[in-house]
Amino acid sequence: MKRFDQGPSLLLLPGLFKETFKDLGTSLEDEGVQLMKCEPNYNIWFNDGESFELSTDVARMKVEVEKWEGKDGFERYLGFLQEAHRHYEISVSQVLKKNFTSLLSMTRPAFLRHLFPLHPFESIYSRASKYFWTERLRRVFTFGSMYMGMSPFDAPGTYSLLQYTELAEGIWYPKGGFHTVVEALVKIGERLGVKYRLSTSVSSVDLDPTGRNATGVTLENGERISADVVIINADLVYAYNHLLPSSSYSRSLQKRSASCSSISFYWAMDRQIPELTTHNIFLAEHYRESFDDIFKHQLIPSEPSFYLNVPSRIDPTAAPKGKDSIVVLVPVGHLLDEKQGIGRKGLDIQSKQDWESMVANARRTVFKTVEARTGARDLQGALVKEIVNTPQSWKEVFNLDKGAILGLSHSFFNVLCFRPKTKHGSIERLHFVGASAHPGTGVPIVLAGAKLTSEQVLEGFGMEKPWGRVSFKGKGESKAIDRIQT
């Protein structure tokens, strides 16, 4: 066994990563981060033995789409891409790169005129249904809402931008694993004088006598560290309820809709499994019902849809020669606290559930499904080492409220000005960054949020931003032949 990324296994929106490194005065390449393009994006496996290959290659997509929806189907696919392109471009310019500090932020003319074209009041599934006329392709182009921790039947139509960035910009993998990106950022910080204290638990954020200014943090060992500003990147709901004084707002956060949790397997195999590509999606036969189990009832579906990644398929350094490493993410409901659990049949946060039995059942289901649909054989016999994360361990080890791996939900009233702010509402010099703060979840989205938080901190100290906005092309004066004409 070489290594496992416990977090993301695919890199999306590469432009936001490049922008982050550029803002820090360097580049991915200069820091030794090598991005490798995954092709195809995914193999999607259905219960009837059929499969669909998602790709950035237009010629391949034409064949795949027309196989199920005929010649007109490809034209409708291009229409879907056009709409998703608008969702993507508007979201990047008007949401990811703008802060929403109050309801008034949503009245900006530049944002308001784009609100309805973003289709926030329709679901991804309903929007996809206008372009794809078979249930098979509707599933192919909506499963990505799982990355936002939402059902495609509830996720706002805006989030078709996820499918767009995969189809237009590709899915990438950092050679050596996602942690190479983290290590590069750490080294940049060290060059700039940052000191990192690892395995050092914080017990509380310190406030001045008025309770209106953050002055530092107190560690679990009692040590106090003074600070001019405190930025919290822990789970936001956990931070409000465990690191700060209790308040009606902190309690209200625990009542908000949360994303899903997962049972995640990290497997070391003693041989390669050639039937599997880098990224694989296995969709449940009863598609809507499986999502309802997760998001409405907070259960482990009896027949889940799940994601399976083979990092060693694209990066041989991820496993010893002739062997494979596999990561499986089975989305399940988040944990319910004592009050939420009354009269409901979901995952009770207080009960001592038989997690061993649940994990064993999920493992059997994954093995059985993969073998039946791909033709792979004896996966259990090839397994030599396993690491597992469950909703309980996500909560206990990583302090994720309710074990929700993607933070708060991304329903309309949980985003934009309704999402927790990057700056505390009543405590000065206290800021937030992460999945549950604006603009939302996912590593590239959180990177965009980190820039917004940084700008807010600098503004509070009356300091100039040391970076400039990324401009189109940006290579000196354009030639006459390259000038845009309307």
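Two rings of Phe, Tyr or Trp (its six-membered ring) form a pair when their centres lie within 6.5 Å; planes under 30 degrees apart are called stacked, over 60 edge-to-face, and the rest tilted. Ring pairs of this kind link F52, F74, Y77, F80, Y131, F132 and F141 into a cluster. The model you are looking at is predicted, with local features needing pLDDT of at least 70 and side-chain atom pairs counting only at pLDDT 80 or more, while totals for chains, interfaces and linings use all residues. Residues are numbered from 1 along each chain as its sequence is written, and side-chain values use heavy atoms, with hydrogens and water left out.

**Aromatic rings**

- Searching the whole structure turns up 26 aromatic pairs.
- How are the rings of Y147 and Y307 arranged? Their centres are 6.4 Å apart and their planes stand at 90°, so this pair is edge-to-face.
- Y147 sits in the loop between α5 (135-140) and α6 (161-169), while Y307 belongs to strand β11 (residues 306-309), so the pair ties together parts that are 160 residues apart in sequence. Here helices (H or I, at least four residues) and strands (E, at least two) are DSSP runs, numbered from the N terminus.
- Y307 counts as buried, at 8% relative accessibility, and Y147 is partly exposed, with a relative accessible area of 21%. For these words, buried means under 20% relative accessible area, exposed means over 50%, and partly exposed is in between (1.4 Å probe, protein chains only).

**Charges over rings**

- A charge sits over a ring if NZ of Lys or CZ of Arg is within 6 Å of the ring centre and within 35 degrees of the ring normal.
- K62 lies over the face of F74, 5.9 Å from the ring centre. F74 is also one of the residues in the ring cluster.
- R76 lies over the face of W133, at 3.7 Å from the ring centre.

**Cavities**

- On a 1 Å grid over the protein atoms alone, a cavity is a set of points where a 1.4 Å probe fits but cannot get out, and its lining residues have an atom within 4 Å of a point. Grid points are joined across faces, edges and corners, and a volume is the space filled by probe spheres set on the points.
- How many cavities of 30 Å³ or more are there? The count is four.
- The largest cavity has a volume of about 80 Å³. It is lined by 10 residues, and F4, D5, Y173, P311 and V327 are the closest to its centre.
- Sorted by class, the lining of the largest cavity has five nonpolar, three polar and two charged residues. In this sorting, Ala, Val, Leu, Ile, Met, Phe, Trp, Tyr, Cys and Pro are nonpolar, Asp, Glu, Lys and Arg are charged, and the others, Gly among them, are polar.
- The second largest cavity holds about 50 Å³ of space. Its lining consists of I300, P301, S302, P304, V330, M358, N361, A362 and T365.
- Helix α12 (residues 355-374) gives the largest share of the lining of the second largest cavity, four residues. That lining divides into six nonpolar, three polar and no charged residues.

- Is α6 mostly covered or mostly uncovered? It is mostly covered, with seven of its nine residues buried.
- The buried residues of α6 are L161, L162, Q163, Y164, T165, E166 and L167. They pack against β2 (42-45), β3 (51-54), α2 (58-96) and β4 (171-174), where contact means heavy atoms within 4.5 Å.
- Just after α6, G170 takes a positive phi of about 90°.

**Backbone details**

- E39 and P40 are joined by a cis peptide bond, with omega about 0°. P40 is placed in the loop between β1 (35-38) and β2.
- Another cis peptide bond joins H438 and P439, with omega about 5°. P439 lies in the loop between β16 (430-432) and α15 (443-460).
- D378 is not a glycine, yet it has a positive phi of about 50°. You can find D378 in the loop between α12 and α13 (379-382), where D378 is partly exposed at 47% relative accessible area.
- N399 is not a glycine either, and its phi is positive at about 60°. N399 is in the loop between α14 (391-398) and β16, and its relative accessible area of 30% makes N399 partly exposed.

How values were computed
1 Å grid on protein atoms, 1.4 Å probe; cavity = no way out; pocket = protein on both sides within 12 Å on 5 of 7 lines; lining within 4 Å.
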